[in-house]
Amino acid sequence: MKPAIWLDGSLCDPDSAMVSVFDHGLTVGDGVFETVKATEGRAFALTRHLRRLARSAAGLGLPEPDLDEVRRGCEEVLKAHPVPFGRLRITYTGGISPLGSDRGTAGPTVVVALVEAARRPDATAVVTVPWARNERGALTGLKTTSYGENVVALARAREQDATEALFGNTVGALCEGTGSNVFVVLDGQLHTPPLSSGCLAGITRALVLEWVGAKETDLPLDALYRAEEVFVTSTTRDVQAVHRVDSHTLPGAPGPVTAEALRIFVERAAADIDP
């Protein structure tokens with residue numbers, strides 16, 4: 001089945017859907033996006049994702065998105081392509097602009113796309129990378145399409161048979177993954193880096209904090225090697241145990257804290273599609 005595409009207000013055939021080569025999202029990465037989990041034609045936590053889309057757009061200086069219109073686009077692609085499990089991607093860019101950093105006046109481009117996705121395994125391997133997240137950068141905390149750094153880091157992870165790369169920040173504190181937040185268990189207590197570390201305010205991260213509970217703690221990057229358990233969270237991973245960090249193994253993953261966090265998350269998510 002082909003992906004479903006909604007572009008600037010209407011459904012499009014995937015083979016004919018086109019964005020201008022002068023779109024600022026393409027030329028300079030001037031855009032924001034959200035990835036939403038879709039199951040059986042329903043989007044999970046869509047309201048939270050739309051609110052974050054608006055916050056990211058404001059932080060980038062883009063016009064305020066019409067969230068009702070974006071929600072309608074999501075509903076249309078979900079109806080057209082009700083996959084058992086999918087990745088619903090909302091992209092909002094600066095639109096057609098000059099070839100440079102200055103933004104044009106044509107208005108934003110809005111794309112909603114839905115593709116079928118594979119469910120993640122129960123546990124995965126991650127690696128740390130030598131590049132730092134800048135906790136004081138202009139884009140810190142925004143979910144932008146400027147993803148080159150993540151592409152490079154994830155390629156490094158794939159080279160080492162891992163599915164995620166974890167960053168420290170400029171002061172050497174544990175921060176986040178390329179597309180995930182990270183939690184560690186130390187002395188039986190669940191911890192995750194605070195937003196001040198430079199990490200994204202992940203939707204799944206927020207739900208784990210609300211439903212499971214964890215301490216937001218500044219931690220050195222090497223806490224990953226001292227932890228009894230590690231797990232990562234994201235829209236399509238939910239709560240995913242980590243069985244290896246670099247060459248350091250965590251036998252028995254998922255451990256008891258991770259397993260309980262996953263149990264609670266699955267139970268609460270099943271009870272409320274838009275928490």
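Pro254 is found in the loop between β15 (248–249) and α7 (256–271); helices (H or I, at least four residues) and strands (E, at least two) are DSSP runs, numbered from the N terminus. The peptide bond that leads from Ala253 into Pro254 is cis, with omega near 0°. The model is predicted, so local features need pLDDT of at least 70 and side-chain atom pairs count only at pLDDT 80 or more, while totals for chains, interfaces and linings use all residues. Residues are numbered from 1 along each chain as its sequence is written, and side-chain values use heavy atoms, with hydrogens and water left out.

Two further backbone features are found in loops. Glu40, in the loop between β3 and β4, has phi near 50°, a positive value in a residue other than glycine. Asp161 has a positive phi as well, near 55°, and lies in the loop between α4 and β8 (164–169). Most residues other than glycine have a negative phi, and most peptide bonds are trans. With relative accessible area (1.4 Å probe, protein chains only) called buried under 20%, exposed over 50% and partly exposed in between, Glu40 counts as exposed at 55% and Asp161 counts as exposed at 66%.

Turning to the sheets, 6 strands form an open sheet with antiparallel pairing, in the order β2-β1-β6-β5-β3-β4; two strands pair if DSSP finds at least two bridges between them. The edges are taken by β2 (10–12) and β4 (42–43), each with a single partner strand, so one side of each has no neighbour in the sheet. Further in, β1 (residues 4–7) pairs with β6 (residues 109–116) in the antiparallel sense over 4 bridges, and Trp6 has Val112 of β6 as its bridge partner. Helix α2 (residues 46–60) packs on this sheet and touches β3 (31–39), β4 and β5 (86–93), where contact means heavy atoms within 4.5 Å. The direction of α2 makes about 170° with that of β3; axes are lines fitted to C-alpha atoms, for helices over the stretch in contact, and angles run from 0 to 180 degrees between N-to-C directions. Helix α3 (residues 67–80) lies across β1, β2, β3, β4, β5 and β6, running at about 155° to β1.

Of its 8 residues, 7 are buried, so β14 is largely enclosed by the rest of the structure. β14 pairs with β7 in the parallel sense over 4 bridges, and Ala125 has Arg244 of β14 as its bridge partner. With β13, β14 runs antiparallel, joined by 4 bridges; Phe231 stands opposite Ala241 in β14, and the two strands form a hairpin with 3 residues between them. β14 and β15 also pair in the antiparallel sense, over 2 bridges, and here Val245 is partnered by His248 of β15. Their hairpin has 2 residues between the strands, and Asp246 takes a positive phi near 55° in it.

Leu224, in helix α6 (residues 223–226), is buried at 0% relative accessibility. Leaving aside residues up to four places away in sequence, Leu224 touches Thr128, Leu166, Leu174, Val182, Val184, Val230, Val245 and His248. The C-alpha atoms of Leu224 and Leu166 are separated by 9.8 Å, although these residues are 58 residues apart along the chain.

The structure holds 0 disulfides, a disulfide being a pair of cysteine sulfur atoms within 2.5 Å. For Cys74, the closest cysteine sulfur is 14 Å away, in Cys12, which is too far for a bond; Cys74 is buried at 0% relative accessibility. Cys199 is in no disulfide either, with the nearest cysteine sulfur, that of Cys175, 5.5 Å away. Cys199 is buried at 3% relative accessibility.

The largest pocket has a volume of about 1,200 Å³. Of the 49 residues that line this pocket, the closest to its centre are Lys143, Tyr147, Thr178, Gly179 and Ser180. Helix α4 (148–159) is among the elements that each supply at least two lining residues, and α4 gives the most, with 5 residues. A search of the whole structure finds 1 cavity of 30 Å³ or more. The largest cavity has a volume of about 40 Å³, and its lining residues include Lys37, Phe44, His49 and Phe265. On a 1 Å grid over the protein atoms alone, a cavity is a set of points where a 1.4 Å probe fits but cannot get out, and a pocket is an open set with protein on both sides within 12 Å along at least five of seven lines; lining residues have an atom within 4 Å of a point. Grid points are joined across faces, edges and corners, and a volume is the space filled by probe spheres set on the points.
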